[in-house]
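Here is a short briefing on selected local features of one protein model. Have the sequence and the structure open as you read.

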Amino acid sequence: MSAAATRRLTTAQALVRFLAAQYTERDGVRHRLIAGTWGIFGHGNVAGLGQALVEYREAMPYHQGRNEQAMVHAAVGHARHLNRLSAQAVTTSIGPGATNLVTGAALATINRLPVLLLPGDYFASHAADPLLQQLEHPVEADVSVNDALRPVSRYFDRITRPEALLTSALNAVRVLSDPAETGAVTLALPQDVQAQAYDWPEEFFADRVWRVRRPAPDPAELAEAVRAIRAAARPLIVAGGGVHHSEAEPALQALVDATGIPVASTQAGKGALRHDHPADLGGIGHTGTAVSDALARTADLVIGVGTRYSDFTTASGTLFQHPGVRFLNLNITAFDAHKLAAATLVCDARSGLAALTDALGGHRVDAAYETEYRTGRARWEEAVEGAFRADDDSVVPTQTQVLGALDAVVGDEDVVINAAGSLPGDLHKLWRARSPRQYHLEYGYSCMGYEIPAALGVQQAAPDTPVWALVGDGTYLMNPTEIVTAVQENLPVKLVLVQNHGYASIGGLSESVGAERFGTDYRHRVADGSFTGAPLPVDLAANAASLGMDVLRAKTVRELREALATARAATRPTCVYVETAPPGTALPAEAWWDVPVAEVSAREAATQARAAYERAVADRRRHL
């Protein structure tokens, strides 16, 4: 190969140049595939990728993280907000820096969201062996700690020679940009190979466009789907995250407006219809609304669109109780489309919904069915108003009143982020999603500590958008460190920090399964070993302030409303801190969730919980 056709670079330099030239394109709109790289430098990446990112800092934006898991969360938040058309990379040192990626990688892959992981690795040459932080396996010398990323990655390779990158880099971006395959992608980079030079073909660095397909439904599958919908008396659509990823919200509304079929949504799918659309029933499943779950129990056809049917959605197999219920699943992946023994439409959500609308030719559900679900949603709206309302604004707010105050402040463009604790249940039941991107719940992995870093990623993706991270005290203590990054990069995220002195969600679950809330409070230990003493003298607001945030303390409903309005207008990272009054949640679950209870116990609480469990589990169905 002639010198004119090659460029001599290190492997790390070549990788950065390659990534900077990758693009996605859908519907004629082009996006940069890797919009930037998060990194914490140390032994294993500082001399390789660290040097390359300095060399090409104009081509590849760099963001400094404080925690490796958090960097992945930030990248995932960015990718989700941009409908998976743009992603970010994350680089770490070898050893603990690399293993800290595993939780974030699992979250990305479970949620079908793209992120590129670039951990350092041992010397491919074994010239220094063992080196600092290297795992020594007694029978597999080529194993490193990075192999822990294999089961949580959609593509994995270890680049043991520079020229191996020519194939692996292309495979990596192929998976990242494929809506049916995407998730975490890992390229483990031995530190000696990162620094090695190679004569790279110039075409490796040329701009490359990866077209994001919109596959149409198979005609035979479409015909079968139309027959099923026409034959159904009580059809129900379950909208999942795939509706958002495909930007299929207008197509879903067109189908609903034409047919009158109501829509319930998963955590990932909420906002697929605007909250005030007459066919929007809100959340479904264990954290769903009364109207959604009532219709789900009597639906004779469940039409899943872009959902993977987690146990929260199906109420652990107890929700869909019509004797003849059947399923029709529209999904871009056959793996998810075939769940629950469904008839399938394996295609892009927008393409499939548009094809269904055309093929149904004006078919509409019975008027009495529409009247039934509209009446149900009106009753539920009254319940929401009651949960949000505070008759006396001088009192300490409950958690649902915190949501009511925020509901009154946000605009259509605001983004509300949450992931774990008791807030996801309240949000799924109560939140009034005003736009497709507003409701950002990570509930595939329900990872504590996701919210703050994800808010950074969303803020980077939408700089002029108010972004709210809703965080309980338990989640805050898991991962507050990216507040420093928000301050460093002047990302004006808004943090609503809810103090309820413990794990409210798991505490309630513990009580319901006979574990008596053991180990779920943040309180002093008392003489019998339990944690039932006074609350700990922990000041999380002071902690947030010490990390650089502006902090507003709100003690009453009135002060909370004022603080939220101030925070929304702020141009710096701002925290609204509020201590809530019981109850932690105002509205009970409308459907069951399977958490196995001790079959035998000497404690009465567990015995009673087991009896309730056996009654509930008897309703489980296997849909075959």
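Are Tyr-309 and Phe-327 buried or exposed? Both Tyr-309 and Phe-327 are buried, where buried means under 20% relative accessible area, exposed over 50%, and partly exposed in between (1.4 Å probe, protein chains only). This is a predicted model: local features need pLDDT of at least 70, side-chain atom pairs count only at pLDDT 80 or more, and totals for chains, interfaces and linings use all residues. Residues are numbered from 1 along each chain as its sequence is written, and side-chain values use heavy atoms, with hydrogens and water left out.

**Aromatic pairs**
- The whole structure holds 11 aromatic pairs. Rings of Phe, Tyr and Trp (its six-membered ring) pair if their centres lie within 6.5 Å; planes under 30 degrees apart count as stacked, over 60 as edge-to-face and the rest as tilted.
- Trp-200 and Phe-204 are stacked, because their ring centres are 5.7 Å apart and their planes stand at 15°. Both Trp-200 and Phe-204 are buried.
- Tyr-309 and Phe-327 are edge-to-face, because their planes stand at 85°, with centres 6.3 Å apart.
- Tyr-309 lies in the loop between strand E15 (301-305) and helix H12 (311-314), and Phe-327 in strand E16, so this pair ties together parts that are 18 residues apart in sequence. Helices (H or I, at least four residues) and strands (E, at least two) are DSSP runs, numbered from the N terminus.
- One aromatic cluster is formed by Phe-18, Tyr-198, Trp-200, Phe-204 and Phe-205.

**Charges over rings**
- Arg-17 lies over the face of Tyr-56, at 5.0 Å from the ring centre. The criterion is NZ of Lys or CZ of Arg within 6 Å of the ring centre and within 35 degrees of the ring normal.
- The charged end of Arg-553 sits over the ring of Tyr-577, 5.7 Å from its centre.

**Helices**
- Helix H1 (residues 11-20) is largely enclosed by the rest of the structure, because nine of its 10 residues are buried. Among them are Leu-15, Phe-18 and Leu-19.
- Helices H11 (residues 290-298) and H15 (residues 367-388) have axes that come within 8 Å and cross at roughly 150°. Axes are lines fitted to C-alpha atoms, for helices over the stretch in contact, and angles run from 0 to 180 degrees between N-to-C directions.
- Ala-290, Val-291 and Leu-295 of H11 meet residues of H15 including Tyr-369, Arg-377 and Trp-380. Contact means heavy atoms within 4.5 Å.

- Asn-331 sits in strand E16 (residues 326-331). Asn-331 is buried, at 8% relative accessibility.
- A polar atom of the Asn-331 side chain lies 3.1 Å from the backbone nitrogen of Thr-333.
- Beyond four places in sequence, Asn-331 touches residues including Gly-306, Asp-336 and Cys-347.
- Gln-253, in helix H10 (residues 249-259), is partly exposed at 35% relative accessible area.
- Leaving aside neighbours within four places in sequence, Gln-253 is in contact with Leu-273 and His-277. The C-alpha atoms of Gln-253 and His-277 are 8.9 Å apart.

**Backbone features**
- The peptide bond from Asp-129 to Pro-130 is cis, with omega near 0°. Pro-130 lies in the loop between strand E7 (115-121) and strand E8 (155-158).
- Gln-133 is found in the loop between E7 and E8. Its phi is positive, near 75°.
- Asn-490 has a positive phi of about 55° although it is not a glycine. Asn-490 is partly exposed, at 47% relative accessible area.

Technical notes
Polar contact = N/O pair within 3.5 Å; in protein donor to acceptor, adjacent residues only side chain to side chain.
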